[in-house]
Amino acid sequence: MDLKITCIPGDGIGPEIVAETKKVLERVAEIYGHKLHFEDILMGGASIDVHGVPLTEEAVEKAKAADAVLMGSIGGDTTTSPWYQLPPDRRPEAGLLALRKALNLFANLRPAVLYDELAGACPLKEEISKAGFDMLIMRELTGGLYFGERKTVEENGVRKAIDTLTYDENEIRRIAVKGFDIAGKRRGKVTSVDKANVLDSSRLWRKVVEEVAKEYPHVTLEHMLVDNCAMQLVKDPAQFDVILTENMFGDILSDEASMVTGSIGMLASASLNDSKFGLYEPSHGSAPDIAGKDVANPIATVLSAAMMLRYSFDLDREADAVEAAVKQVLKEGYRTRDIMSEGCTQVGCSEMGSLLADRIV
């Protein structure tokens with residue numbers, strides 16, 4: 001099978017973790033008889049430095065021409081980088097928002113799994129972490145507060161900022177369908193998270209989700225207010241299967257869930273449209289403080305590539321092989337700095353990539 005993948009190395013540690021993920025994918029292609037076609041494009045700060053904008057139309061067209069997009073990370077230090085002296089629509093993150101919109105990537109999937117080998121890194125009490133957890137946060141990605149009308153004005157000498165949160169029923173329905181479809185292939189439970197006691201948008205969200213739920217009698221639906229969900233994630237994470245929620249809530253909750261696992265460096269992410277096309281990226285940021293030091297953890301990006309094999313190419317066997325390689329390397333005691341614990345062997349980003357590639361079978 002020919003796999004045409006557009007890569008966005010991005011900023012900070014992005015080029016390092018993408019390079020190691022390519023190494024793993026090349027091993028997969030070698031063993032399972034596929035042909036890889038990689039093409040790199042610039043986005044974020046790297047694009048600003050070259051083109052003056054965080055994303056060019058040419059880059060968008062190259063992304064559209066691929067079967068999937070693999071991304072490292074974008075952005076830099078918001079306090080020192082000159083990128084953040086630019087207007088908001090010219091900053092690195094604006095490129096990612098524009099790409100999501102251009103590719104119609106409305107469904108963001110962020111799994112949060114506590115590996116047995118990393119249970120000691122979980123910040124929760126052992127009485128909670130020993131139950132383990134395996135959840136997936138399904139976040140709506142192209143609507144809500146992040147894409148609503150916004151402006152800053154001055155009224156009677158007082159500055160006022162306005163951000164608009166808008167959802168229509170079609171936007172809610174399509175993400176709900178994705179959530180219920182995936183829950184049906186997992187443990188059959190959807191927790192829909194909203195703020196229906198305050199927000200009109202959340203009340204509509206709840207109504208539409210309930211309508212979709214009628215089409216999935218084999219999936220259990222529960223509603224949970226976002227503040228309660230934030231507490232439950234640290235009190236009893238094992239209760240969750242698929243968490244379905246809107247854009248801003250999903251952004252916050254998925255970051256919280258990632259840290260409950262012990263390291264954000266372990267968390268993969270997929271953003272899908274109505275077809276098999278998707279953008280795959282780690283949940284963590286660009287970590288400019290460790291960029292170029294060969295200490296970054298590439299596992300989240302490698303696991304994102306496993307999601308790419310599964311969702312965009314329907315290569316479940318190959319995806320299983322990548323995930324098994326991750327588990328095997330952890331079982332053997334190899335760790336990058338962020339997940340290092342006593343008795344384990346610390347390795348750098350490049351060596352971790354090589355270890356993972358070597359264990360693809």
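In what follows, Ala, Val, Leu, Ile, Met, Phe, Trp, Tyr, Cys and Pro count as nonpolar, Asp, Glu, Lys and Arg as charged, and the others, Gly among them, as polar. By those classes, the second largest pocket of this predicted model is lined by nine nonpolar, nine polar and seven charged residues. The largest pocket has a lining of 16 nonpolar, one polar and 15 charged residues.

**Pockets**

- The largest pocket holds about 990 Å³ of space. Its lining has 32 residues, and those closest to its centre are Leu136, Arg186, Arg310, Tyr311 and Glu323.
- Two or more lining residues of the largest pocket come from each of E4, strand E5 (134–140), H6, H10 and helix H11 (316–331). H11 gives the most, with five residues.
- The second largest pocket has about 500 Å³ of space. Of its 25 lining residues, Ile74, Glu93, Leu96, Arg100 and Arg110 are the closest to its centre.
- Strand E3 (68–73), H4 and H9 each supply at least two residues of the second largest pocket's lining. H4 gives the most, with four residues.

**Cavities**

- Searching the whole structure turns up two cavities of 30 Å³ or more.
- The largest cavity contains about 40 Å³ of space. It is lined by Leu165, Tyr167, Leu199, Ser201, Ser202, Trp205, Glu246 and Phe249.
- Helix H7 (residues 200–213) provides the largest share of that lining, three residues. By class, the lining of the largest cavity has five nonpolar, two polar and one charged.
- The second largest cavity has a volume of about 30 Å³. Its lining consists of Arg110, Pro111, Ala112, Ile137, Ser254, Ala257, Ser258, Leu267 and Ser283.
- E4 and helix H9 (247–260) are the elements that give two or more residues to the lining of the second largest cavity. That lining divides into five nonpolar, three polar and one charged.
- Arg110 lines the second largest cavity and is also among the residues closest to the centre of the second largest pocket.

**Aromatic pair**

- The whole structure has two aromatic pairs. One of them joins Tyr167 and Trp205 edge-to-face, at 5.8 Å centre to centre and with 70° between the planes.
- Tyr167 sits in the loop between strand E7 (158–163) and H6, and Trp205 in helix H7, so the pair ties together parts 38 residues apart in sequence.
- Tyr167 and Trp205 are both buried, and both line the largest cavity.

**Helix H6**

- Helix H6 (residues 169–185) has 17 residues, which at 1.5 Å a residue should span 24 Å; its end C-alpha atoms are 25 Å apart, which agrees.
- Asp168 caps the N-terminal end of H6, with a side-chain oxygen 2.9 Å from the backbone nitrogen of Asn170.
- The buried residues of H6 are Glu171, Ile172, Ile175, Ala176, Lys178, Gly179, Phe180, Ile182 and Ala183.
- An α-helix has 3.6 residues a turn, so residues three or four places apart point the same way.

**Positive phi angles**

- Most residues other than glycine have a negative phi.
- Asn104 is not a glycine, yet has a positive phi of about 55°. It lies in the loop between helix H4 (92–102) and strand E4 (107–113). Asn104 counts as partly exposed because its relative accessibility is 30%.
- Ala287, also not a glycine, has a positive phi near 45°. Ala287 is in the loop between strand E12 (278–280) and helix H10 (299–311), and is partly exposed, with a relative accessible area of 23%.

Conventions: Residues are numbered from 1 along each chain as its sequence is written. This is a predicted model: local features need pLDDT of at least 70, side-chain atom pairs count only at pLDDT 80 or more; totals for chains, interfaces and linings use all residues. Side-chain values use heavy atoms; hydrogens and water are left out. Buried means under 20% relative accessible area, exposed over 50%, partly exposed in between (1.4 Å probe, protein chains only). On a 1 Å grid over the protein atoms alone, a cavity is a set of points where a 1.4 Å probe fits but cannot get out, and a pocket is an open set with protein on both sides within 12 Å along at least five of seven lines; lining residues have an atom within 4 Å of a point. Grid points are joined across faces, edges and corners, and a volume is the space filled by probe spheres set on the points. The expected span of a helix is 1.5 Å times one less than its number of residues. A polar contact is a pair of N or O atoms within 3.5 Å; within protein, one must be able to donate a hydrogen and the other to accept it, and residues adjacent in sequence count only if both atoms are side-chain atoms. Rings of Phe, Tyr and Trp (its six-membered ring) pair if their centres lie within 6.5 Å; planes under 30 degrees apart count as stacked, over 60 as edge-to-face and the rest as tilted.
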